[in-house]
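Work through the exercises below with the sequence and the model at hand. Try each task before reading its solution.

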Amino acid sequence: MQTTGEADFRVDVLAIAAHRDDVEQTCGGTLLRMAARGLSTGILDLTQGESGTRGSAAERAAEAEEAGRILGVSQRLALDLPDGAIANTLENRIKIAGVVRRLCPRVVILPYWEARHPDHAICASLGYEACFLAGLARVDTGGFAPHRPFKIIYASLYADVRPSFVVDISPFIEKRHASLMAYRSQYANQQQGGGLFVPEEEIRERTFAEARHYGLLAGVQYGEPFVQREIGLVDDLTLIPVQSI
């Protein structure tokens, strides 16, 4: 695992994803917006990309570092869970719980719990249970005090569900796209995997269209959708955003 291991590197918002490039696709704009508000952000990738059709784990690591720089994250860590075969085991929960304790995020972003790729769906339950485990004082993760995030939300861009809320990423849409395209080994046109991947010239159109769709739902230009399991709480009815009629 790549880590700094220092308490000084705590983050306010931590996105946990199965693969390098998942965050860039689903909540990269949100991380950019949080960083612009002065919040510290981080990413935990559970795998290293050794099973990918294109590129190598070493290439993905370099690309992830560049993408993280574009997103303005203060921490990007990677575990060594098997790519394509993530399992919700106690050992893996403890590995993630150790990172949660080290970074002490107030908010954790997970992938939505229903997904085409099994790694994504498992990441949702694995991440949730690891966050719970991180708060148990008698669970040994090899250092750092117990910590449980206050809020867990689910990035639902590719899920056929009505979002609980949308984050306005309009000012950050270009940087969001640039962070995704940092993965040249994955998204640049090439013969290997040509029938499996969207052509490079279509990626911008598709990702912008998806962000535009969710932006329109919330009355902004571009947005990223999220689901929360909890009921929302409103303090002032006159400040609820998004016009009704």
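This is a predicted model: local features need pLDDT of at least 70, side-chain atom pairs count only at pLDDT 80 or more; totals for chains, interfaces and linings use all residues.

Residues are numbered from 1 along each chain as its sequence is written, and side-chain values use heavy atoms, with hydrogens and water left out.

**Exercise 1.** Describe how helix 4 and helix 5 pack.

Step 1. Locate the helices, which are DSSP runs of H or I with at least four residues, numbered from the N terminus like the strands (E, at least two).

Step 2. Two packed helices are described by the angle between their axes and the distance between the axes.

Step 3. List the contacts (heavy atoms within 4.5 Å). Helix 4 contributes residues including Leu90, Ile94 and Val100, and these residues meet a set in helix 5 that includes Leu126, Ala130 and Leu133. The contact residues divide into nine nonpolar, one polar and three charged, where Ala, Val, Leu, Ile, Met, Phe, Trp, Tyr, Cys and Pro count as nonpolar, Asp, Glu, Lys and Arg as charged, and the others, Gly among them, as polar.

**Exercise 2.** Find the buried residues of helix 2.

Step 1. Apply the cut-offs: buried is under 20% relative accessible area, exposed over 50%, partly exposed in between (1.4 Å probe, protein chains only).

Step 2. In helix 2 (residues 28-36), the buried residues are Gly28, Gly29, Thr30, Leu31, Leu32 and Met34.

Step 3. Look just past the helix end: Gly38 has a positive phi of about 90 degrees.

**Exercise 3.** Which residue forms a salt bridge with Arg76?

Step 1. Use the rule: a side-chain nitrogen of Lys or Arg within 4 Å of a carboxyl oxygen of Asp or Glu. The count comes to ten salt bridges.

Step 2. Arg76 pairs with Asp45, with the closest N and O atoms 2.8 Å apart. Arg76 is in strand 3 (residues 75-78) and Asp45 in strand 2 (residues 41-45), so the pair ties together parts 31 residues apart in sequence. Both Arg76 and Asp45 are buried.

**Exercise 4.** How far apart in helix 3 are Arg69 and Glu66?

Step 1. Arg69 and Glu66 are three residues apart in helix 3 (residues 57-71), about one helical turn.

Step 2. Their side chains form a salt bridge of 2.7 Å, N to O. Arg69 counts as exposed at 54% relative accessibility, and Glu66 as partly exposed at 32%.

Notes
Axes are lines fitted to C-alpha atoms, for helices over the stretch in contact, and angles run from 0 to 180 degrees between N-to-C directions.
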